[in-house]
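Please consult the sequence and the model alongside the text.

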Amino acid sequence: MQPGDLIKFVAAPPRWKGEEPRNPEPNLLGKTGMVLGYAGDDSHEWGGIWNLFVDGMNVQYYGDFLEVINEAR
């Protein structure tokens, strides 16, 4: 991911055998936003933490819940 990419909030893959896919917060699932930049590593290496612009607000969220739907050029 890079600044300017458009993303969609999706279910993250299971972390271990037998776990179901994990959903982001219910109000975010399926929403779109724009990547503003990388905020840093997370403690579990689940895709890092990203700064995003979603619904007119700046938010931070884990990368494993984000899918790039249109790359910035």
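## Contacts and overall form

Contact means heavy atoms within 4.5 Å. Of the contacts in the chain between residues at least 6 apart in sequence, 47% join residues at least 24 apart.

The model is predicted: local features need pLDDT of at least 70, side-chain atom pairs count only at pLDDT 80 or more, and totals for chains, interfaces and linings use all residues. Residues are numbered from 1 along each chain as its sequence is written, and side-chain values use heavy atoms, with hydrogens and water left out.

The chain contains five strands and zero helices; strands (E, at least two residues) and helices (H or I, at least four) are DSSP runs, numbered from the N terminus. The C-alpha atoms fill a box of roughly 35 × 25 × 20 Å, taken along the principal axes.

Of the 73 residues, 32% count as buried, where buried means under 20% relative accessible area, exposed over 50%, and partly exposed in between (1.4 Å probe, protein chains only).

A nonpolar core is a set of buried Ala, Val, Leu, Ile, Met, Phe, Trp, Tyr and Cys residues joined through side-chain atoms within 4.5 Å. The largest one has 11 residues, including Ile7, Ala12, Trp50 and Phe65. Strands β1 and β3 (49-54) are the elements that give two or more residues to this core, and β3 gives the most, with three.

Alanine 12 touches Pro21, Arg22, Asp64 and Phe65, not counting residues up to four places away in sequence.

## Leucine 6

Leucine 6 lies in strand β1 (residues 6-9). This leucine counts as partly exposed because its relative accessibility is 35%.
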